[in-house]
Amino acid sequence: MDLLIEIASPINEIVDQLGANDLPYAIPLHPNLVHFTIGLFAIGIAFDFAGAFYPLEKRVFRFLALPVTRTGFHDVGWYNVLACAVITFFTVAAGFYEMLLAVPLPGIRSVIGQNAIDTMLWHAIGGVALLLIIVAMTIWRGYQRFVWRKDLGRQVSWLYLGCGALILVIMGVHGSLGAWLASEFGVHITADQLLAAGADLQEVLP
């Protein structure tokens, strides 16, 4: 075992250079990128819903003198889902990188009884699954926009909108696992690690 520890590896070299929050940079990237993924996807689905219900809404828009069109709503829906698919590759990559450097607090279980390793494992599996689902939704959305429904006013099917709403619910559940890694297990949060070690934050933090 001691021999394995002495073997030089890229991970060991990185660990030796870590700063605050056990990362080589100031704040974790993954949680910030996650909010781009969630926000872009939610906006994309919401604007496609607005485009789908446009015949019911257009009198309201005319009354308010808002110069909006059904095509405009669907344009926003398409470009946001496309941007979501692109940025989610970086979200998942950052998540795996930061998971390799994670040092969770020992002896703690989440509100559903999982330990830190199980929570990270399910969060990682869910992240990859969501990436594949988002890419599939983007391809589906692209075919609807440019092939299947290009001559129709409503660019998206009701099934697509239903799947989008369901994925948002799954994102909420999946996001809870990531939130517990920070709030319960103190992953990449220096203050939580110091408090668990019995340190006085006013003395040890600048």
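This is a predicted model: local features need pLDDT of at least 70, side-chain atom pairs count only at pLDDT 80 or more; totals for chains, interfaces and linings use all residues.
Residues are numbered from 1 along each chain as its sequence is written, and side-chain values use heavy atoms, with hydrogens and water left out.

**Exercise 1.** Classify the packing of α6 and α7.

Solution. Take the angle between N-to-C directions, on a scale from 0 to 180 degrees, with axes fitted to C-alpha atoms over the stretch in contact. For α6 (residues 116–148) and α7 (residues 158–183) the angle is about 155 degrees, and the axes lie 10 Å apart. Angles over 145 degrees count as roughly antiparallel, so α6 is roughly antiparallel to α7. Their contact has 16 nonpolar, eight polar and one charged residues.

**Exercise 2.** Classify the ring pair of Phe47 and Phe73.

Solution. Rings of Phe, Tyr and Trp (its six-membered ring) pair if their centres lie within 6.5 Å; planes under 30 degrees apart are stacked, over 60 edge-to-face, the rest tilted. Here the centres are 5.9 Å apart and the planes at 50 degrees, so the pair is tilted. Phe47 sits in α3 and Phe73 in α5, 26 residues apart. Now apply accessibility: buried is under 20% relative accessible area, exposed over 50%, partly exposed in between (1.4 Å probe, protein chains only). Phe47, at 31%, is partly exposed. Phe73, at 10%, is buried.

**Exercise 3.** Treat Phe53 and Trp158 likewise.

Solution. The centres lie 5.3 Å apart, with 55 degrees between the planes: tilted. The two residues are 105 residues apart. Phe53 is partly exposed at 34%. Trp158 is partly exposed at 43%.

How values were computed. Helices (H or I, at least four residues) and strands (E, at least two) are DSSP runs, numbered from the N terminus. Angles under 35 degrees count as roughly parallel, over 145 as roughly antiparallel, 65 to 115 as roughly perpendicular and the rest as oblique. Ala, Val, Leu, Ile, Met, Phe, Trp, Tyr, Cys and Pro count as nonpolar, Asp, Glu, Lys and Arg as charged, and the others, Gly among them, as polar.
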